[in-house]
Amino acid sequence: MKKPYILLLVFMLIISTLKAQNLTVSGRVISATDKQPIPGVTVVIKGTTKGTVTDINGSYTLETPPGGVLLFSFVGMQKQEVPVNGKRQINIEMEEDKIDLGEVVVMGYNTSSKKLITGSIGLVNEQEIKTIPLRTLDGVLQGKAAGMTINQNSGTPGGQNSIKIRGGSSINASNQPLIVIDGVPAITGTYGQIGYSGQEIDALSDINPNDIEQITILKDASATAIYGARASNGVILITTKKGDLQKTSVNLNTSYGWQTMPGERMLDLMNAEQWNEYKGTDVQGTDTDWMDEILQVAPTSNTELSVSSGNDKTRLFISGSYYNQDGTVKGTSYDRYSGRLNVDHKLRSNLTVGGGITMNYSKNRRVEGDQTLFGPLPNALSIPAIYPVYNEDGSYNEDGPYANPVAIYKETNNVAFTNRNNGNIFLEYKFLNGFTFTTKWGADIYNLREHGYDPVTTRQGAKYNGLCIEGTSYVSNLVSSNVLQYIQTLSEKHNIEVMAGYSFEKYAKRNTYIEAIDFPNENFEYIESAGVIRAASSSSLDRGMNSYFGQLKYNFLYKYIITLTARADGSSKFGENNQYGYFPAASLAWRVSQEPFMKQFTAIKELKIRATIGLTGNDGIPDFSSPGLYEGGFNYGGNSGIAPTQLPNPDLKWETTTQSGLGLDVSVLDSRISLNADVYLNKTKDLLLARPLPPSTGFNSIYANIGNLENRGIELVLNTENIRGDFTWNTSLNFAANRNKITKLYNGQPIADLGRGSNWVMEGEPIGIFMGYHCLGVDPTTGDLVYEDINSDGLITAADLTKTGDPNPDFTAGMTNTFSYKNIDLSVFLQAVYGNDVFNGTRIYLESGTGDDNQTTTMLRRWRQPGDITDVPRAGDGNISSRFIENGSYLRIKNISIGYSLPKTLVKKAGIKSLRVYASGQNLFTKTTYSGMDPEVNYYGNDNIILGTDFFTYPQSRTILVGLNVGF
């Protein structure tokens with residue numbers, strides 16, 4: 001009878017044991033320093049491989065024996081062992097370890113502690129963005145990272161700027177970096193169809209810097225190879241703001257300012273009296289200051305409101321803004337409305353979903369700019385002062401050599417409307433021990449509508465009895481990325497991260513264009529009212545890319561670090577024999593400061609040596625460069641027809657850059673002084689060029705991979721904490737020098753005479769050098785210009801052309817000094833460019849000595865009679881020569897901001913957390929010997945070859961702002 005009882009007792013013991021083995025423990029891990037949650041903490045049952053990882057809120061859940069021991073470990077934190085002792089909730093505060101690995105940085109498809117990064121990067125954080133109250137992405141980035149050159153081609157509101165990282169890697173393909181916003185490659189560049197030369201609309205203008213939390217600039221192959229075929233020009237990763245944890249904050253930022261064209265940079269033009277003396281005439285009439293007629297003190301304003309909130313499961317960030325910038329040239333303005341929503345939600349402890357969307361609407365009013373006969377600025381510079389603005393009957397005076405600039409800005413209507421949506425959704429799933437799967441789907445959709453109208457009341461419009469142009473552009477980029485990541489620490493020494501992924505993209509573009517003339521009167525400006533449709537067209541483009549990528553990161557005791565990366569890209573852009581490109585990279589780092597023998601050098605906190613080598617690609621070549629093409633429009637006998645326009649090249653492939661570099665990171669004196677130094681050599685091969693063909697083929701050329709070039713350089717970033725205490729002073733200095741050289745062209749043949757300044761591409765020289773005649777001065781006997789006879793044949797011919805300048809700078813630099821004393825803060829940002837030449841094409845007309853263009857007062861000291869000693873000829877001969885090449889070096893006070901934060905005890909009474917008032921100035925002073933209005937110009941936008949040319953180009957404005965930051 002006892003056996004059943006014994007069996008029952010055994011059964012109950014087994015059941016209780018099973019229950020004990022299934023104890024569920026949960027909790028939260030926070031930092032002992034700031035009490036903030038720590039995501040990514042590894043929680044493992046001691047003696048087993050069973051464990052989990054804390055989520056974004058620092059929370060975890062784990063099945064464990066009641067008598068087990070939990071091991072908590074995280075990079076940069078002291079490890080902890082905590083007995084379970086039957087408890088179902090265990091909360092942990094982790095102390096910082098003496099191994100400081102720095103801030104977490106977004107790196108491609110994952111993140112990395114800054115001190116474990118083996119590649120070369122630049123970093124711009126939220127605080128740095130706040131100190132520059134400019135509301136465009138390129139504006140806040142300019143001068144902030146070594147090796148990244150941003151050239152503001154003009155002062156046009158919302159206009160296109162040029163961004164290069166470590167020089168240009170191509171001649172015909174893109175030289176702009178890939179820009180990725182929250183994992184989605186962004187649409188960049190200009191898609192306008194109504195030509196405004198270098199003053200095109202820039203798709204980057206739609207990005208609101210106030211929504212950005214961090215910007216990472218990837219510069220070498222180790223950092224960029226994960227993006228493969230689009231990484232040769234570097235990558236800019238933008239991470240937008242997310243919601244705060246366990247609190248709600250509301251922030252309001254508003255500012256208002258005034259813009260002017262710097263008076264000291266204005267050209268000194270002849271007035272009516274000087275013009276009459278110069279021309280030897282006595283034209284009666286007014287003395288019109290045409291520049292005063294078309295310039296204005298232009299207002300600019302910005303208002304931004306954001307809300308950030310969150311709890312253990314959900315984070316939310318929402319923002320809205322309105323930005324307005326009127327141009328200093330009348331008739332120009334830019335208005336942008338932006339909204340962003342970011343949200344993520346934890347469905348389970350190991351499953352998170354989220355997404356974000358940005359919606360932008362902008363309106364850009366433009367006038368024709370440089371390289372035109374119908375632009376307010378070039379015409380105001382070129383029309384002599386003897387002509388009045390209006391006739392006696394009130395109509396516009398059109399007696400001058402060019403169209404009346406006042407009529408242009410008052411009567412024409414040139415406006416562009418942009419609607420842009422950029423968004424993504426994602427799912428993150430953590431499973432087993434250390435595995436994370438993330439899938440993200442995103443889209444960037446860009447819609448542009450342009451409307452241009454010249455009524456009969458303008459010279460251009462009168463020519464056609466009214467002229468209207470309408471253009472629409474639709475561009476979309478759909479993206480999906482799927483990434484599996486494994487993170488594990490073995491034996492508390494070996495730290496491993498493995499990542500593998502697949503992504504695909506689908507790009508589409510649709511354009512329509514229509515041009516019409518002959519309108520009833522100036523009150524009718526749309527196509528439906530036109531008498532004649534002069535031109536009409538539409539086009540369609542679709543292309544795709546699919547990619548496989550992987551990465552292995554390993555470090556031993558955080559001292560010896562290796563990163564291996566590989567990517568394979570397949571693109572519809574390339575020939576059927578080379579549809580896939582393969583881009584591997586490897587990098588090493590040695591944290592010397594972690595070696596035992598370094599303990600004696602107590603002043604050195606961090607010393608790291610880096611080395612990298614790898615391949616990256618450039619797929620930014622023209623679409624349909626590989627297949628044989630036929631085009632319509634070859635009509636005959638009243639019937640439609642087609643004809644071949646391009647020969648096929650099935651072997652066409654990617655432009656490939658081999659990137660190699662060495663780096664050094666040093667931090668001393670309790671990190672009060674830190675230095676990052678990099679040297680690099682980038683060699684690009686298989687440049688896409690047009691290879692000439694014999695006339696017998698019926699074609700002039702065929703695209704082929706036949707060119708090589710290289711970039712080599714050095715970059716330095718120095719950060720110092722000069723003074724601590726109530727008064728603080730910090731300095732950040734970056735310096736970069738890049739040398740670009742063409743090493744191979746087809747049969748050594750140069751690409752010659754492009755643009756107003758005659759830019760050339762030649763073997764052994766940098767891209768875009770200026771070629772022309774070397775001007776020796778003015779012959780005092782004749783007053784004519786004298787040129788150097790290079791080949792000594794007694795004649796000045798094309799054989800005497802020589803290199804007259806180089807638009808590429810010797811070095812660039814930026815320095816920011818920040819000061820604070822109690823509630824007062826001050827930031828001063830200086831930017832410098834040295835060693836570049838500018839071709840001042842404006843002088844060809846305004847110092848020509850011929851024609852009817854107004855002249856600068858320089859012509860008052862022109863040669864007049866034999867024996868005169870001067871550098872100004874009696875009349876120019878129109879030759880492109882060194883006479884118009886000038887030193888474009890400059891040092892600019894880019895920004896000064898001063899602010900005062902009211903005491904929190906005072907503003908708290910009004911229910912306000914913080915309140916700061918500030919004043920700011922941009923482009924306050926420019927030190928340069930350049931005689932034009934702005935040395936930082938290029939009339940031809942982002943062209944790879946036509947560089948450094950000023951041709952009546954819209955200069956940047958000087959801005960004074962006052963603003964208010966309020967936190968609730």
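Helices (H or I, at least four residues) and strands (E, at least two) are DSSP runs, numbered from the N terminus. The views below come from a predicted model, in which local features need pLDDT of at least 70 and side-chain atom pairs count only at pLDDT 80 or more, while totals for chains, interfaces and linings use all residues. Residues are numbered from 1 along each chain as its sequence is written, and side-chain values use heavy atoms, with hydrogens and water left out.

View 1. Let's start with Met 771, which sits in strand β38 (residues 769-772). Is Met 771 buried or exposed? Its relative accessibility is 8%, so Met 771 counts as buried (buried means under 20% relative accessible area, exposed over 50%, partly exposed in between, with a 1.4 Å probe and protein chains only). Neighbours within four places in sequence aside, Met 771 has contacts (heavy atoms within 4.5 Å) that include Trp 760, Leu 801 and Ile 880. Glu 264 is 507 residues away along the chain, and its C-alpha atom is 30 Å from that of Met 771.

**View 2. The largest nonpolar core.** A nonpolar core is a set of buried Ala, Val, Leu, Ile, Met, Phe, Trp, Tyr and Cys residues joined through side-chain atoms within 4.5 Å. The largest one here has 25 residues, and Met 291, Ile 294, Val 329, Leu 377 and Leu 381 have the most contacts inside it. At least two residues of this core come from each of α6 (290-294), α7 (376-382) and α8 (405-411). Another core lies apart from it, with 22 residues, among them Ile 129 and Ile 179.

**View 3. A five-stranded open sheet.** Follow the strands in the order β10-β15-β16-β13-β14, and you will find mixed pairing (two strands pair if DSSP finds at least two bridges between them). The edges are β10 (121-125) and β14 (184-185); each has a single partner strand, so one side of each has no neighbour in the sheet. β10 and β15 (residues 212-218) run antiparallel and are joined by five bridges. Look for Ile 121, which stands opposite Leu 218 in β15. Strands of a sheet pair through backbone hydrogen bonds, either parallel or antiparallel.

**View 4. Leu 718 on its strand.** Our last stop is Leu 718, found in strand β34. How does Leu 718 count, given its relative accessibility? At 31%, Leu 718 counts as partly exposed.
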